[in-house]
Amino acid sequence: MATINDKKLTVITTHINADFDALASMLAAQKLYPGSIVVLPGSYEKNLRNFFIKSMAYLFNMADIKDIDFSNIKKLVLVDTKQTSRIGKFASILKQPDLEVHIYDHHPAMANDIKGDYEVNLLTGATVSILTEIIKKKRIGLSPDEATILCLGIYEDTGSFTFSSTTETDFVAAAFLVSRGANLDIVSNLIDREISAEQVGLLNDMFQAAMHHNINGIEIVTTCVTTDDYLPDFSFVVHKMVKMENIRVMFALALMGKKVYIVARSRMPEVDVGTILTPFGGGGHSFAASATIKDKTLAQTEHELIEELYKSIKPKKWAKDLMSSPPIMIGSDISCKDANNFLTRYNVNALLVTEKSGDKGDKDGKSGLVGFISRQIIEKALYHKLDYVEVKEYMTTEMSVVGSDADLSEIQKKIIENKQRLLPVVDDDVIKGVITRTDLLNALVRQAQDSATDSLDRQTEKVHARTRNVVKFMNERISERLMNILKTSGETASELGYRAYVVGGFVRDLFLYRANEDIDIVIEGDGIAFAKKYAEKFNARIHVYEKFGTAVIIFPDGFKIDVASARMEYYKFPAALPTVEMSSIKLDLFRRDFTVNTLAIHINQNRFGVLIDFFGAQRDIKRKSIRALHNLSFVEDPTRAFRAIRFEQRFGFTIGKLTSGLINNAIKMGFFKRLSGRRVFNELRQILEEENPVPAVKGLYDYNLLKAIHPSIKINEDLVSLLNSVKKVLSWHDLLFLEDLYMKWIVYFLALVRHCDDKTSDEICARFELSPQYKTIICEERFQAEKCLLALERTASVKDGFLYRQIYGFKTELILYMMAVTKQKRIKKSISRYFTRLRYVTTSITGKQLIKMGFKPGPIFGEIIEAALYAKLDGDLKTANDELVFARNYVSKL
């Protein structure tokens, strides 16, 4: 065996930060070069060192680099590397004229590779696989311990044969080593080692510092951490993070002591991490590489790395590579029927719409792009007999475009975030082509290198929706009782084999931090059967509506929850009531009015608290935007326009540009005229019951919807002032905390029709099909109240008795209406006095007292008591005796 004092040394070495493949390759090379000395060039992984020291050191003829006289080295055998920067001090002897260099490596060739006198370079998963094949061919014997070390190198560098770099050679080499007694238990224990407390801390720091970069269309994750001392097994921690987060490309930088260590992993062919780390003195494979940097700060290294990433990473796909050209375009004045013919003729699902007519636009493509229209919208328009309506009435006008040099990331973001069926490619106002969702999908599929976990998720997830678990948030926001109702509802649904969801305003308001206990549950299955079973289990009763597949569960204390079977609706003609069919949760949510109302939370036991968002509701809530789900939404149900305005004002949101245009189109097309008066009234009533309906009423006027009440009703300064006055009066009344109930909406409605005469008022009540109770208030008692108010305003000094006589008998709504209408402060104060004090004043005179005084029972008793009350209100009577004296005097004057 050679010693370090020999004059002609053969030294076997590898790269700094040696891993198991490097160690195994050195041992294999030692078998090929008898008499050689194994020397590590620098640091190596702690796990490797512990294993080596404790169990396998005897297999190596190893020396410390400090004890080697470099001038005696005549043959240098490099394994698992051929980079000058990665072999430490051994780089200093490469130019010695009498030095012979042998190289065994599996890394791709690089421009600055060391040139050996003898080289074996093969693209395998592990370098030791190459050397094992040579040992096998030369029939060199291996002990079980040696076979174990060699096998360990193969397992580590191939990820237990799961890395894409694994080749047939690796499998064959491993099989040979197993036949030579390799102990796979030892291999398994070292490969699948547990993470230490120190590593957990480092991993947490890496998670916290993770940054996502979009570099030429490729998502790159970088993380930078600092530790006072060198922490071994950094690559192992990086591998853990990559695996846990399913990261495609990652660069981890760690300042340990005075050196910066970089470990990189890539699962994308566009990112060759070995090439990228070469300028940093590192190297490796296209999929795994590392580097060690001296004399640079962490921030400096990170900055240089980002610059190198922008230089090295080239996007695989540009818009010009994906687009279909020339684009199929139609003019905005083309009818829906003709547009349908174009869709069929060219076998496409959407068309660009330009200002000029023609099937292909101008030859130079400079037609003004104004929107696009989909097959789905066209088909719905034809279904509603809108064949000859121009497409500009229903086209989507809110759309994004890209230039021909846009990368895949930008294309993906604009199509997916905007739910855009096709994306125009425009350069200098010239429409070059279009990219469809299918084009994007094909590009992403080609790019994707999905893991087994991804595949499993796609197989088990039947629908494409944004999901996240919100149980913790629910526990913070929802009362214990409501949580229990949701859980027991989910359990009951599971017993029946149904999926159950809480949906609609309850979920929306949960994320708007608004109180809402109106629970709506949707069942994928028979909602009525669910309601019956739930009511039976929890001693509740139900009301069933067979036609719609809905039910109301009523608890003993009166609390209610609404239950519906998941359903879809279609409309036989514009503004009709919907026809209902059974459906899935996704279609059930799609029938709803606006995206913000399409959130659902799973309440079955196995998925309790999973939020489902099919239509970007969370995004629109965050953006404070009201958006319709499809372009014919207001054709099918024009009353949605009233709800859009109501929600806009209630939440402080804004109606989206496209949605606003669709409302205006529905008004222009006269669809509101087809609505029954009762449906319009129900929507108007809900608006007037809002906390502050005044802005919504203004919104109705802005959209020309007040004419749905009556053409004569218009917004002006007087009406706005009156509505604001109503709001102040109602706020005043509510702060009194009186027990008398009143209908808030009626007071606002009376204000709206204030200037309508009796004939117009009758017309309004008839159109709205109001009940006799409401008609009496609006068409009769309102005029009486206005006459009463006029009398009060014309009286110079209003005494309490007179005030009482005028107001007594009017409903609360009419009294509040008078208080809001009057502009005289003294009259407001007088009405306020009646409301808070006078109406509770009574006399102490009784019928028995009058009989004792010798009066015969009859109508005279009522006259006496009434007269005494008015005198008392005016301050003329102070005591009970005064009242009796007044009664005698009153009768004596008759």
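I began with the negative patch and found that helix H30 (residues 758-768) gives the most to it, with three residues. Helices here are DSSP runs (H or I, at least four residues), as strands are (E, at least two), and both are numbered from the N terminus. The patch is formed by Asp757, Asp758, Asp762, Glu763 and Glu780. I looked up Asp758, which is found in helix H30, and noted that Asp758 counts as partly exposed at 48% relative accessibility. Buried means under 20% relative accessible area, exposed means over 50%, and partly exposed lies in between (1.4 Å probe, protein chains only).

For the record, this is a predicted model, in which local features need pLDDT of at least 70 and side-chain atom pairs count only at pLDDT 80 or more, while totals for chains, interfaces and linings use all residues. Residues are numbered from 1 along each chain as its sequence is written, and side-chain values use heavy atoms, with hydrogens and water left out.

I then wrote down what a patch is: patches are made of residues with over 30% relative accessible area and no salt bridge, with like charges joined within 9 Å and nonpolar side chains (Val, Leu, Ile, Met, Phe, Trp, Tyr) within 5 Å. Lys and Arg count as positive and Asp and Glu as negative, whereas His and the chain ends are not counted. The place of a charge is taken as NZ of Lys, CZ of Arg, CG of Asp or CD of Glu. Accessible areas come from the Shrake-Rupley method with a 1.4 Å probe, and for residues only the protein chains shown count as cover.

Which residues gather in a patch of positive charge on the surface? I found Lys66, Lys89, Lys259 and Lys294 there. Lys89 is found in the loop between strand E3 (73-79) and strand E4 (100-105), and Lys89 is exposed, with a relative accessible area of 56%.

Next I turned to salt bridges, each a side-chain nitrogen of Lys or Arg within 4 Å of a carboxyl oxygen of Asp or Glu. A search of the whole structure finds 29 of them. In one, the side chains of Lys414 and Glu410 meet at 3.3 Å, N to O. Lys414 and Glu410 are separated by about one helical turn, because they are four residues apart in helix H14 (residues 408-417). Lys414 is partly exposed at 23%, and Glu410 is partly exposed at 31%.

I also looked up Arg650 and Glu690, whose side chains meet in a salt bridge at 2.7 Å, N to O. This pair links distant parts of the chain, 40 residues apart, with Arg650 in helix H24 (residues 640-651) and Glu690 in the loop between helix H26 (677-688) and helix H27 (694-702). Arg650 is partly exposed, with a relative accessible area of 26%, whereas Glu690 is buried at 12%.

The side chains of Arg685 and Glu689 meet in another salt bridge, at 3.2 Å, N to O. Salt bridges that share partners join Asp593, Asp637, Arg640, Arg643, Arg646, Arg679 and Glu683 into one network.

Is Tyr748 buried or exposed? Tyr748, which is found in helix H29 (residues 744-752), counts as buried at 1% relative accessibility. Leaving aside neighbours within four places in sequence, I list its contacts (heavy atoms within 4.5 Å) as Leu688, Pro693, Val694, Leu723, Val726, Lys727 and Leu730. The C-alpha atoms of Tyr748 and Val694 are separated by 9.0 Å, although these residues are 54 apart along the chain.

The C-alpha atoms of Ala264 and Asn340, 76 residues apart along the chain, are separated by 52 Å.

Last, I checked the backbone of Arg139, where phi is near 55 degrees, a positive value in a residue other than glycine. Arg139 has its place in the loop between helix H3 (127-137) and helix H4 (144-157), and Arg139 is exposed at 76%.
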